[in-house]
Amino acid sequence: MQSYCLFAPAKINLHLEIIGDRPDGYHELVMIMQSVSLGDIIRIRANGREEIRLFCNHPQVPLDDTNLAYKAARKMQQEYPNASSREGGIDITIEKNIPVAAGLAGGSTDAAAVLVGVNLLWKLGLTVPELQQIGATLGSDVPFCISGGTALATGRGEKIEPLPDLQNLWVVLAKYESLSVSTPWAYKTYRERYSHQYLSNPEDIQRRAHQIHSGDLVKAISQNNARQIGALLYNDLEKVVLPAYPAVAELIEAFKRKNVLGCIMSGSGPTVFALCESQSQGEEVISQVTAEIDNPDLHCWLTQVCPHGIMTVEN
Ligand code: ATP
């Protein structure tokens, strides 16, 4: 029976700015997203039955219909009922390498891989924009996760404009294993504290998105200017997450003292990432910070910027 194996990269946010409220209850965002080479492996195959079955090696990942990968498969069944009844049920196996509830879009990238995989399995011939349109109904980060690389994301994060690929930039990810931050809590708290600053006029919102698109960080990305990119990293959610999680704030400071190019929290955290010029700098920084903090709960990964989203790989 035919099966597909897909690589699903995690993402970090080089820029995350909350600029307003939306009528649908979400926030209006301007983000610069970046895929990294740390990713999950997703295997998809027809199971000759009717149901969707999910398997995963990570105890924190739900195996029921709350899993975003499951939701993605069910969405494809609903959108393409003829193919679904012809091809039958699907087995999805997730090899989880991305830390869970970490602000790295782990669930979203798994869902993106299922959309890409089912498109191949059922030979639907859907284009990337068509898959992204379906993905946007599952979660704001899913469209980016499909195409990946470096991109500007606006709206609630689902409108994607590709930016030039970054090269030779190393990324240290660091997370306290026992710490997780609820994304809805982070955005809700931000709204409570900062909604008086929100832009409400659609033209102002568009203008702000434009400013970022033609701003210094995008220029630095176009020039692959690592030092400048590091200096311009920005995340609005740090304003609410760092005071509530001082250990995360201290972790960022510890990386900054090691002269990394830049260090901020990714998404709603609690993962922080530090940009490094080389593999050896990344390795050295990890050993120095873990020695200084000396807490077995702290986990670090050394990875690289990745120029793509979901990719098929050999089984
Ligand atoms: P984002 O950055 O998009 O907010 P995240 O990286 O912070 O996401 P996830 O790893 O996607 O967070 O996990 C958030 C919650 O979603 C988990 O606590 C878990 O219960 C649930 N979940 C559902 N599907 C998945 C999945 N495929 N992988 C991981 N978690 C999942």
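In this predicted model, domain 1 and domain 2 bury about 3000 Å² between them, and 66% of that area lies on carbon and sulfur atoms. Leu14, Leu16 and Ile18 supply 19% of the area that domain 1 buries against domain 2, more than any other three residues.

The domain assignment places residues 3-164 and 308-313 in domain 1, and residues 170-304 in domain 2. The contact draws on 35 residues from domain 1 and 36 residues from domain 2. Taken over C-alpha atoms, the centres of the two domains are 22 Å apart.

Polar interactions also cross this interface: 17 residue pairs are in polar contact, with both residues at pLDDT 80 or more. On the side of domain 1 that touches domain 2, strands E1 (3-21), E2 (27-46) and E5 (150-154) are the elements that give two or more residues. E1 provides the largest share, with 11 residues. The composition of this side by class is as follows.

| Class | Residues on the side of domain 1 that touches domain 2 |
|---|---|
| Nonpolar | 19 residues |
| Polar | 11 residues |

A salt bridge joins the side chains of arginine 191 and aspartate 21, at 2.6 Å from N to O.

A further feature is helix H4, which spans residues 128-136. Its buried residues are Leu131, Gln132, Ile134, Gly135 and Ala136.

Methods. Residues numbered from 1 in each chain as written. Predicted model: local features only at pLDDT ≥ 70, side-chain atom pairs only at ≥ 80, totals over all residues. Heavy atoms only, no water. Buried < 20%, exposed > 50% of the residue type's maximum accessible area, 1.4 Å probe, protein only. Helix = DSSP H or I, 4+ residues; strand = E, 2+ residues; numbered from the N terminus. Domains from an automatic or database assignment. Contact = heavy atoms within 4.5 Å. Buried area = accessible area lost by both parts, 1.4 Å probe. Salt bridge = Lys/Arg side-chain N within 4 Å of Asp/Glu carboxyl O. Polar contact = N/O pair within 3.5 Å; in protein donor to acceptor, adjacent residues only side chain to side chain. Nonpolar A, V, L, I, M, F, W, Y, C, P; charged D, E, K, R; others polar.
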